[in-house]
Structure formats: structure tokens, C-alpha cells
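Please read the report below with the sequence and the 3D structure side by side, and look up each residue as it is named.

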Amino acid sequence: MADIPVPRPELSEAAGQRPDGGVGSPGSRAGATLRAAPGAAPGAAPVLDPGHAAAMIPAAVPASVLEMLDVLRRHGHAAYVVGGSVRDVLLGRPAADWDLATDALPERVVALLSDAAYENRFGTVGVRRPDGVHEITTFRSDHEYADFRRPHRVEFGDSILLDLARRDFTVNAMAWGGPATSAGATAAPGLEPATSTGQTIAPGDGPAIEAAEAPPFELVDPHGGIGDCAARLLRAVGDPVVRFEEDALRMVRAVRLASTLDLTIEPGTLQAIATCAGLAQHLSGERIAIELGKLLAAERPSVGLRLMAETGLLDVAFPELAVQRGVPQNKVPGEDLWDHTLRTVDAAPRDRPIVRLAALLHDIGKPPTQADGHFYGHEAVGARMAEVMLRRLREPRAASERVALLIRNHMFTYDGGWGDGAVRRLIAKIGQEALEELFLLREADDVGSGLQPGDAGLDELRQRVAEQLAARVALDRADLAVDGFDLIRELGLEPGPVLGRILDDLLEQVIADPALNDRPTLLLLAQSAIEEGA
């Protein structure tokens with residue numbers, strides 16, 4: 001296994017980084033500059049200058065987060081922005097979650113900040129602000145990872161460096177903030193909870209305790225995350241095998257981050273994923289599903305999915321997909337069923353998670369139905385397999401049923417010779433809510449098959465569906481001019497299967513001819529059905 005590089009000298013010495021990992025933050029908020037490392041070969045990856053990296057962050061931090069940092073520091077506690085938000089700023093991406101770490105114990109954080117709640121054993125306090133809920137976690141070190149999923153024991157600490165050392169990847173192991181002020185340290189005891197504005201006041205009616213000017217904010221980067229951001233590398237903190245043995249989900253997260261952040265997994269880390277892939281069997285379906293959902297929201301999920309296949313993660317987490325490799329497809333020359341699936345997923349709209357999930361699973365029924373170059377009935381088999389798989393992942397039942405519906409019907413065919421009744425039957429069969437998703441899946445499937453985007457026949461069908469919906473035609477029982485109570489009252493029917501069959505027969509006739517949908521006509525048709533022994 002390749003050795004995992006330690007933080008590079010050009011980050012700690014040439015760039016002025018302190019031995020403890022801190023980087024002083026100059027007052028300038030200018031954008032970061034990229035420069036070649038001293039002695040680097042021409043064309044080598046540039047290095048993000050630490051000083052300028054630190055200057056990028058203040059302008060991006062929300063006012064509510066700056067306020068929380070200030071309150072904690074003024075009252076005797078170190079406080080830092082940590083994790084993904086720092087990484088995203090350095091990668092030039094909008095940061096979504098601004099979370100903090102501090103040496104203050106959870107109860108202390110709740111006492112200092114308004115609208116704070118602490119309801120877990122991992123030291124995380126949720127603080128509600130107008131821009132959302134921010135998580136503030138006490139510095140900690142994890143111990144006794146015995147099940148490859150989570151620590152059995154969490155120990156609170158007082159060091160940001162130890163807290164960063166337990167994190168997964170170097171780009172996530174950076175922090176921006178600062179230590180407590182000396183005045184705040186003596187003023188901390190006995191404070192009342194914060195007001196709604198976040199301004200902490202002393203007991204009684206006195207003014208807030210004044211603190212000395214705080215030390216400057218700093219960017220703490222003990223593991224070379226700045227350089228890895230510049231090189232767009234995803235590297236484990238320390239020994240990657242140890243990191244993945246602590247929590248096997250980190251392997252799945254690695255391929256997801258590589259896809260969503262456009263990063264390359266560092267070779268030693270990638271090899272460790274292949275070595276430890278079998279540990280993924282210990283992960284719960286829910287945790288895998290969360291990562292899968294985030295991966296499918298990437299611009300090109302195929303990047304992460306291919307990494308899963310190459311490292312063996314796919315065989316453990318999604319064996320139904322792993323068996324697609326090597327299955328021949330008469331689609332794109334030189335590509336197999338797995339390649340077709342990946343093309344289809346990438347072609348599906350990223351803002352439609354149900355369609356993306358259906359695109360991933362739409363052909364899982366092909367390997368078990370393969371015979372003489374055909375896959376007869378693969379859509380029905382695949383729909384059943386998808387339901388089983390999504391149940392294993394603990395996906396919501398409604399989502400699982402919708403995905404199965406799309407897979408079961410994704411092989412539909414349309415031609416211009418369809419009558420209006422056929423269009424209405426398709427709407428009734430699929431449902432108005434799912435029909436556009438089915439069309440989007442078909443379009444993605446076509447692209448995955450090597451066809452050009454845009455299907456004139458599908459556009460025509462969309463137009464005809466819109467016309468039928470605009471005419472407000474009956475498409476389900478609720479649209480009929482009679483209901484079960486009418487048939488019971490007028491025709492003496494009893495509740496039961498016969499009643500249901502008659503209503504379904506009436507609906508079928510109305511779908512074929514909407515003019516039949518009036519109460520007297522439907523009662524006559526129902527009476528005829530009874531006499532014929534429906």
C-alpha cells in the first residue's frame with residue numbers, strides 16, 4: 001500500500017504555516033492565489049497559498065455564524081467553523097452547512113446561545129438562526145470503533161488539533177476561528193442564556209460583559225487540506241485503512257465526494273477503499289441510502305458509481321448492479337449493460353431524484369432474464385427487484401413504489417396512430433403525477449442507448465396528454481359521475497368485489513368515450529353489467 005504523504009513542506013515552511021497548523025488571517029479579503037510549490041516541476045499542481053486561503057473565508061461566513069463565534073470566544077471558549085463549509089469556500093463552491101466546534105461543553109453552549117437544543121450523546125447542539133439550524137459540537141476524540149460504523153465511546157476534549165485529527169479527509173479537517181479571549185475566560189461563569197438577538201447578558205439587569213480584543217481569526221490546517229483543495233485531491237487523514245476501519249461509510253462518502261466535488265481520490269486512499277471494501281457489509285441500509293441520494297444529485301453520478309465498481313464497493317453495497325458488468329448490450333459499440341446504466345443515470349435530470357433513482361435501477365432485471373440475447377420481461381422482474389433493494393435501503397415506501405412503477409412501464413411504445421382513448425388509458429395507468437417522470441426516464445434511457453436527445457414521438461405524446469388533461473376527462477373512479485354509494489342505493493348492490501369490478505368497468509368505458517360520464521347513463525350501464533352477471 002502506498003504511503004500516505006504528510007502535510008507538504010511548501011505548506012508549512014515556505015508559506016509561513018505555524019507548526020501547530022494555524023495560518024494567520026490577514027485583513028484582506030482578496031481571493032486566493034495559486035502558485036507552484038518551490039522546486040516543483042513545470043506543470044505540477046499549483047498550491048493554494050495558506051495566507052490567501054485564510055483571507056477567502058471571512059467574507060463567506062454568514063453574520064449569524066460570526067456572531068456565535070464571537071459569543072463563544074468572548075465568554076472563555078475556543079470556537080471554530082469546521083468541516084465542509086471551509087472546504088467548499090476553498091474549492092470556490094457555495095457552502096451549505098456552517099457548523100462549529102468549540103471546547104465549551106454542550107450545556108454551556110445551550111446556556112450561552114439562544115434557541116439552542118441538545119438532545120444527543122455526541123456533543124452536538126443545534127442552534128436555530130434565521131438562516132437555518134447550525135450544529136455546534138464540542139471538541140472530541142472517538143474511541144473503540146468495534147462495529148465499523150460508529151464510536152462506542154466519545155470523549156470531549158479541549159484541542160482543535162485533536163478534534164481535526166479524528167476526521168475523515170484532509171479537505172474536511174480544516175478549521176477557521178480562534179481561541180478564547182483572556183477577558184472572556186474570567187467572565188464566563190454564571191452567565192444567563194442569550195437573548196433572541198444572540199447578545200449574552202450577565203445575571204440581573206447589568207450590561208453584557210466586555211471582553212478584551214480577541215486574537216485574530218486563523219485557518220488551522222494540520223493535515224495539508226489547503227494543498228489538497230488546490231490539487232483537488234481527496235486524501236484520508238492519516239492511515240486510510242484505520243479511517244475506514246473506524247467507519248466503513250467513509251469509503252462510500254469518498255466516492256460520493258469525488259463525484260460531487262470533482263475531486264480525484266489520492267492513490268493510497270483509493271487502494272485502501274479496495275482493501276477495506278468488504279467492511280461495507282456492516283453498514284445499515286439507511287446510511288448507504290443517504291450517501292446514494294447525495295451521489296445521485298451530482299452532475300455526473302457515473303464518476304462515483306464507476307469508482308464503486310472499480311474498488312469492489314458496488315459488489316457489497318449494490319450486488320444487483322454489480323452483476324451488470326460484462327452483460328452485452330446491442331446499444332453503444334464496445335459498451336456493456338453497466339455502461340448503459342451509467343449513461344442513463346447521467347442523462348436523467350439531476351433535480352428529479354426519483355427519475356435518477358429509477359434510471360439507476362431501470363435495467364436491474366436484465367441479468368436474471370438474459371436468454372439468447374434477449375431480456376424478456378426484464379421490466380417486470382426489475383420492478384420487483386427494485387422494491388426489494390429499496391426496502392433494504394429503508395427508502396420511503398412512496399418513493400419505492402414510484403420507482404417500481406416507472407421501471408415496470410419504462411418499455412412503453414407510442415405511435416401516432418394511438419386514439420385519444422389510448423392516451424387516456426396511459427394517463428390512468430401511470431397516474432398524472434408520475435407520467436412526466438416516465439417520459440424523463442424514457443428520454444434518459446434513449447441517451448443511454450446512444451441516441452440523440454429529443455424524441456419527436458414523445459413530444460407529440462406529451463402534447464396529447466396535456467390536451468386530455470385540459471379537457472378534464474375522467475381518469476379514475478373519483479372522476480365518475482356515480483360512486484359506490486349510488487350503486488348501493490339505486491341498484492341494491494352490496495359492498496364487495498362485484499361493486500369494485502362494476503366501477504372499474506364503468507371507468508374503462510368512460511375513458512374510451514368521455515360522453516358516457518353522466519349519472520343516468522352510468523346507472524343504466526351498471527344495471528346492464530349486473531344483469532350480465534358482472
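The report goes from the whole chain to its aromatic rings, then to one helix residue, and ends with the spaces inside and on the protein.

**The chain as a whole**

The model is a predicted one, and every value in this report was computed from it. The chain has 534 residues, of which 50% are buried, and its secondary structure comes to 26 helices and 14 strands. If we take the contacts in the chain with a separation of 6 or more, 71% of them are between residues 24 or more positions apart.

**Aromatic pairs**

A search of the whole structure finds four aromatic pairs, and two of these are set out in the table.

| Pair | Distance between ring centres | Angle between planes | Class |
|---|---|---|---|
| Y80 and F139 | 6.4 Å | 40 degrees | tilted |
| F412 and F439 | 6.1 Å | 50 degrees | tilted |

Why does the pair of Y80 and F139 tie together parts that are 59 residues apart in sequence? Y80 belongs to strand β4 (residues 79–82), whereas F139 is found in the loop between β8 (132–138) and β9 (140–143), so the pair links these two parts of the chain. Y80 has a relative accessibility of 4%, and because buried means under 20%, Y80 counts as buried. F139, at 1% relative accessibility, counts as buried by the cut-off of 20%.

**Charges over rings**

Is V465 buried or exposed? Its relative accessibility is 7%, which is under the 20% that marks a buried residue, and therefore V465 counts as buried. When its neighbours within four places in sequence are left aside, V465 is in contact with V423, I427, L435 and F439, and F439 is the residue that pairs with F412. The C-alpha atoms of V465 and L426 are separated by 8.9 Å, although the two residues are 39 residues apart along the chain.

**A cavity and a pocket**

How many cavities of 30 Å³ or more does a search of the whole structure find? The search finds one, and the volume of this largest cavity is about 30 Å³. The residues that line the largest cavity are V252, V255, R256, I288, E291, L292, L295, M308 and F318. The elements that give two or more residues to this lining are α10 (249–260) and α12 (285–296), and α12 provides the largest share, with four residues. By class, the lining of the largest cavity has seven nonpolar residues, no polar ones and two charged ones.

The second largest pocket has a volume of about 250 Å³. It is lined by 16 residues, and those nearest its centre are K331, M411, D445, D446 and S449. Helix α22 gives the most to the lining of this pocket, with three residues. The lining of the second largest pocket divides into four nonpolar, six polar and six charged residues.

How values were computed. Residues numbered from 1 in each chain as written. Predicted model: local features only at pLDDT ≥ 70, side-chain atom pairs only at ≥ 80, totals over all residues. Heavy atoms only, no water. 1 Å grid on protein atoms, 1.4 Å probe; cavity = no way out; pocket = protein on both sides within 12 Å on 5 of 7 lines; lining within 4 Å. Points joined across faces, edges and corners; volume = space filled by probe spheres on them. Nonpolar A, V, L, I, M, F, W, Y, C, P; charged D, E, K, R; others polar. Phe/Tyr/Trp six-rings, centres within 6.5 Å; stacked < 30°, edge-to-face > 60°. Buried < 20%, exposed > 50% of the residue type's maximum accessible area, 1.4 Å probe, protein only. Contact = heavy atoms within 4.5 Å.
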